[in-house]
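Here is a protein chain to explore together. Take a look at the sequence and the 3D view, and then we'll walk through some of the details.

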Amino acid sequence: MRFSLFGRGEGVRVSCAQSLWASTTREVVTDASVSARKRGVRVGMNRATVQALVPDVALVREEEQLQSPTALVMESIWPILWRFSPWLETRPPDAFWLQVSGQAPPLREVRSLLQRVDALLTDEQRLRVGFAATPFLAQALVEWSFWEKVPGALYRKAGRQQLLLSPDTVMSVAQGVSARNPSSGVAAGTPGQWLADMPVVALWLIPERTREALVQLGMRRLRDLQRAGPERLSRHFGKDAFVWLSWLQPQLQTRQSVRVNYPPPRWQEAWRAEVGEAVSRDQLWAVVKPLAASLSLRLQRAELGALTVGLTWRTDAGEGGFERAAKRPLWREDAVLAQLRSGLERALKPTADAKLRTAADAKLAGQLEAVCVYVEGLRSLSGTQLTFEVRNGAFEAARPAGENVEQLVRQVNHRYPNGLRIGVRPGFRELRLQAVLGI
């Protein structure tokens, strides 16, 4: 059985030196620090409401810090989540889904995971994670908690990180219900029964104006939608009402799974010149080197290597670029630059032969306006367990088929004499001593 986690970051979209801050996009709050949230700041508020509620709050435009390295907090968390479980779906810039397998909810392992994440975040940053039977229920648990306390849910902390357990998970743990036998417990057999009490204003899949209209009609909880019926709802809101009611059906919720999208297919570091401050094309190498260094550092921290390295640029004369393929995963700065060096030299010194000149070579003229270094084909540098099994109630790596190493050595050496040897292979001095002593 698989259990699902949905997490949303708080205070991770931008960086600010103050403790009270909120990020905005088009005059609407998209994120806020932990201190600001405790003062009543909520995602979705307009700028004027936040200033009236907390006069000393610092408002930061999110689009002004999209290229800031300090704002990429979640990218440092993705590798930790991915090493915990390969079923990871990232939802930039601040959310994710994660699925884990086991007979029973691995609550101790999840808390240990959040404690490792806690070491990467500041006092004004944290994750709010929901634990439930399906991805939809896990997200519903988190979205609901932003508006009010979820009845029957269990709230726990791992450092500064928040963990919310769904009511059916709490009952399963309390009653000792096995996930392999849902019929042995009512709570384990009916996941999502508590979803009927969810407020309509917290249902993120319905547009905000539609939610307001539903509340004005007296439909404040999801159970009210079910009582109204599809015919009445469809007359007011169209065919979308049939989708709303399908979310309350447990048989559809249990079929959901995450769409794995990590590691990402492409990582990149970009440079862009200020308006009117373009540089000469001779400075291309000076621009590329720090970008490659930053990209290499990200790869090392994530324990990933790249099989493809590429470079693109834009000048006042046009755009161009190239990419190089490697035989083995690259992660060091010198290895990345070595792949780019040949292409850079050809771009800076194009050949006079028209047959050998590429379109990218011809367009590298004039003043540089933007440069991007990217890597693709990411591979893990550490061993990844591909098969698992449950032993003694724990989720562990499956044992290989042939565990008797001595028997395997005897079988191989019977066909290929001295093909395998247990221990350190003797050197020339040891072999000569064995020959003299007749060993």
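How much space lies in the second largest pocket? About 1000 Å³. Before going further, keep in mind that this is a predicted model, where local features need pLDDT of at least 70, side-chain atom pairs count only at pLDDT 80 or more, and totals for chains, interfaces and linings use all residues. Residues are numbered from 1 along each chain as its sequence is written, and side-chain values use heavy atoms, with hydrogens and water left out.

**The pocket**

Rolling a probe the size of a water molecule over the atoms shows where empty space is left. A pocket here is an open set of points on a 1 Å grid over the protein atoms alone, where a 1.4 Å probe fits and protein lies on both sides within 12 Å along at least five of seven lines; lining residues have an atom within 4 Å of a point. The volume is the space filled by probe spheres set on the points, with grid points joined across faces, edges and corners.

So who lines the second largest pocket? There are 32 lining residues, and Arg 42, Val 43, Gly 44, Phe 146 and Trp 147 lie nearest the centre. The elements giving two or more residues to this lining are β1 (2–10), β3 (28–32), α1 (34–38), β7, α5 (135–145) and α8 (208–216). By type, the lining divides into 12 nonpolar, six polar and 14 charged residues. In this count, Ala, Val, Leu, Ile, Met, Phe, Trp, Tyr, Cys and Pro are nonpolar, Asp, Glu, Lys and Arg are charged, and the others, Gly among them, are polar.

**The chain as a whole**

The chain has 16 helices and 16 strands, which are DSSP runs numbered from the N terminus (helices: H or I, at least four residues; strands: E, at least two). Of its 439 residues, 41% are buried. Buried means under 20% relative accessible area, exposed means over 50%, and partly exposed is in between (1.4 Å probe, protein chains only).

**Two residues in strands**

Arg 126 sits in strand β7 (residues 126–132) and counts as buried because its relative accessible area is 10%. Its side chain makes a polar contact with the side chain of Glu 10 at 2.8 Å. For a polar contact, two N or O atoms must be within 3.5 Å; within protein, one must be able to donate a hydrogen and the other to accept it, and residues adjacent in sequence count only if both atoms are side-chain atoms.

Ser 23 belongs to strand β2 and is buried, at 0% relative accessibility. Beyond its neighbours within four places in sequence, Ser 23 has contacts (heavy atoms within 4.5 Å) that include Arg 13, Val 14 and Val 60.

Pro 92 and Pro 93 are joined by a cis peptide bond, with omega about 5 degrees. Pro 93 lies in the loop between β5 (87–91) and β6 (95–101). Arg 26 and Glu 303 are residues other than glycine with a positive phi. Arg 26 is in the loop between β2 (21–25) and β3, while Glu 303 is in the loop between α12 (284–302) and β12 (304–315).

Here is how exposed some residues are:

| Residue | Relative accessibility | Class |
|---|---|---|
| Arg 26 | 77% | exposed |
| Glu 303 | 34% | partly exposed |
| Cys 16 | 28% | partly exposed |
| Cys 372 | 10% | buried |
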